[in-house]
Amino acid sequence: MHFEANAGHLGGNLSCLDLLLTLYHCSMDAQDLLVLSKGHSAGALYTTLWSLDLLTDEDLQTFHKDDTRLAGHPPAKGIDGVIFGTGSLGHGLSLSTGLAKGLQIQGKSDHVYCVCSDGEWQEGSTWEALIFAAHQKLNNLTVLIDANGLQGFGGTDDVASMQDLQDKIAAFDVELDVIDGHDHAALEASINRPVSDRARFIVCKTIKGKGIEDYEGKMMSHYLPISREQYDTAMSALK
Amino acid sequence: MRNEFSRALSALGKSEPKTVFLTGDLGFNALEPVREAMGERFINMGVAEQNMISAAAGMAKSGLKPWCYSIAPFAVYRPFEQIRNDVCYHNMAVTVVGNGGGFAYGSMGFTHHAIEDYGALATLPNLRIIVPAFASHIPEIVNQLSDHDGPAYLRLGRAVASAEHMAPDQYKPHNRITELASLQVLVVGPMAAPVALAIQSEKLDATVWAINEPFAELDSELKSLIDSGAPVLVIEEHVQVGSFAANLAINLANQEISPSLLHSICANRILPERSGSEEYMRALSGLDERSIVKSIEKILTKRSTTDVA
């Protein structure tokens with residue numbers, strides 16, 4: 001899909017594909033809601049929705065092309081299962097806290113899931129959302145952080161180290177878990193724990209570009225489309 | 001207008017269970033009745049406007065009808081991207097309330113002025129923008145917004161109690177508030193009534209229109225007057241770029257309506273090193289009543305000289 005469209009952002013898609021698939025196939029109930037705060041991983045979301053038959057093969061082929069519903073970042077409308085258009089980092093967590101609070105006020109039991117990136121936590125609004133989630137005890141909110149250690153123009157520790165994001169989040173009155181974001185069993189176990197009285201944050205340690213040799217753990221996997229060579233190598237590795 | 005607003009929201013909160021009120025830590029000594037009326041549906045979101053707006057969009061998605069409140073500059077400038085992406089582009093039923101638009105918080109200094117707000121917001125899709133002229137219209141406006149299934153911005157200002165009698169019984173986006181005369185004076189928001197009083201006091205040949213919704217379709221009577229050659233003066237507490245006047249000019253041009261005269265008085269003198277009351281700040285831009293009367297007299301004199309010629 002990415003190769004056909006010559007589209008970038010593949011690295012960040014591959015780091016969160018496992019957790020998205022686990023969420024949708026093993027954790028979320030029909031009425032639960034997901035906000036992809038790291039909107040640039042739309043490709044991973046579309047692929048996940050395709051795996052649930054919410055998008056067709058033909059839909060995926062239109063990715064990034066003219067007149068598509070499948071833009072490089074999720075659209076505000078038009079795709080079943082995509083409730084918010086995102087793409088500017090730092091919005092999704094706030095959207096999710098609002099959803100969760102609104103559901104609580106109305107006594108509804110739907111759960112809200114939010115997938116964000118580690119670099120995204122450099123946006124001040126994420127901390128506004130964290131404070132709110134903790135203070136309001138949004139126990140119907142689960143936030144998964146795709147922590148692949150890389151961002152737009154460097155490693156997260158090189159650009160704006162938080163000397164561990166997870167420690168900083170843990171200082172708030174929320175639940176925190178840290179797991180291998182590519183281990184399906186660990187993902188399922190962490191996400192499916194019984195609900196507590198607090199918002200839940202799960203730091204998922206991941207590898208950007210996971211699954212494509214020569215792409216894994218590299219910053220260029222954020223932006224650059226894969227080359228013909230990389231594509232062929234990856235496809236034969238899959239076979 | 002804050003007290004009227006507080007009363008209207010308290011009533012709405014009691015009658016409409018889906019209403020939620022979010023404040024960015026403001027409203028002391030004004031919004032307590034709203035808090036009492038709404039209980040857990042009144043949420044102080046703290047000093048966090050970006051989260052307030054996005055969370056409101058989330059709440060709207062969940063089925064509630066959120067109102068977000070702060071002073072105008074804080075309600076608009078800091079969370080502009082959130083208003084754009086999360087509220088407007090999603091066409092969410094969220095009303096953003098900015099108290100003290102224009103120079104209402106004059107002596108507080110430039111960070112507390114809002115003279116670029118509705119122009120910047122008017123670039124966004126789906127947003128209904130209301131700058132009420134009269135406090136007595138607030139209940140009607142609140143009711144309309146409560147039924148409005150989309151985004152809105154409500155810029156509240158300082159109403160003039162002695163001029164409230166000029167409020168027409170029926171609220172309209174563009175309300176003519178005086179008898180018909182030669183010059184059409186279009187005033188955005190709460191300055192309309194004091195301008196009308198000044199014009200009446202000086203017995204000037206001018207009609208005053210309260211422009212409550214600067215980006216609504218032009219009132220048909222007003223459009224017809226302009227099309228028939230009536231000269232127009234626009235007055236607003238907003239900079240020229242993004243103003244009602246600028247947008248009006250383009251719209252008229254696109255409809256091939258050439259006004260015989262179109263002048264505008266906008267907020268245009270900003271002195272970062274000086275501050276003062278609302279009156280002082282308005283006067284710097286020629287938006288005080290005395291300057292406006294002079295501007296009108298000048299236009300009328302010039303017109304009568306031209307007519308004679």
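1. The lining of the second largest cavity in this predicted model is made of eight nonpolar residues, with no polar and no charged ones. Here Ala, Val, Leu, Ile, Met, Phe, Trp, Tyr, Cys and Pro count as nonpolar, Asp, Glu, Lys and Arg as charged, and the others, Gly among them, as polar. The residues in question are A:Leu34, A:Val35, A:Leu36, A:Leu45, A:Pro74, A:Val82, A:Ile83 and A:Phe84. Strand E1 (residues 33–36) of chain A contributes the most, three residues, and the volume is about 40 Å³.

2. A word on conventions, for your own checks. Residues are numbered from 1 along each chain as its sequence is written, chains are lettered from A and ligands numbered from 1 in the order in which they are written. Local features need pLDDT of at least 70, side-chain atom pairs count only at pLDDT 80 or more, totals for chains, interfaces and linings use all residues, and side-chain values use heavy atoms, with hydrogens and water left out. A cavity is a set of points, on a 1 Å grid over the protein atoms alone, where a 1.4 Å probe fits but cannot get out; a pocket is an open set with protein on both sides within 12 Å along at least five of seven lines; lining residues have an atom within 4 Å of a point. Points are joined across faces, edges and corners, and a volume is the space filled by probe spheres set on them. Helices (H or I, at least four residues) and strands (E, at least two) are DSSP runs, numbered from the N terminus.

3. There are four cavities of 30 Å³ or more. Among the lining residues are B:Arg155, B:Arg158, B:Glu237, B:Glu278 and B:Arg282. Strand E6 (152–156) and helix H11 (278–284) of chain B each supply at least two residues of this lining.

4. Now to the second largest pocket, which has a volume of about 240 Å³. Of its 14 lining residues, A:Asp118, A:Thr156, A:Asp157, A:Asp164 and A:Leu165 are the closest to the centre. Helix H7 (156–160), helix H8 (165–170) and strand E5 (200–205) of chain A give two or more residues each, and H7(A) has the largest share, three. The lining comprises five nonpolar, five polar and four charged residues.

5. Between the chains, take a look at helix H5 (residues 92–105) of chain A and helix H3 (residues 49–62) of chain B: their axes come within 6 Å and cross at roughly 45 degrees. Axes are lines fitted to C-alpha atoms, for helices over the stretch in contact, and angles run from 0 to 180 degrees between N-to-C directions. H5(A) is therefore oblique to H3(B), given that angles under 35 degrees count as roughly parallel, over 145 as roughly antiparallel, 65 to 115 as roughly perpendicular and the rest as oblique. The contact (heavy atoms within 4.5 Å) includes A:Leu95, A:Gly98, A:Leu99, B:Ala55, B:Gly58 and B:Met59. Its residues are six nonpolar, eight polar and two charged.

6. Within chain B, helix H1 (residues 2–15) and helix H7 (residues 138–147) pack at about 40 degrees, with axes 9 Å apart, and are therefore oblique to each other. B:Glu4, B:Phe5, B:Ala8, B:Leu9 and B:Leu12 of H1(B) meet B:Ile138, B:Pro139, B:Val142 and B:Ser146 of H7(B). This contact has seven nonpolar residues, one polar and one charged.
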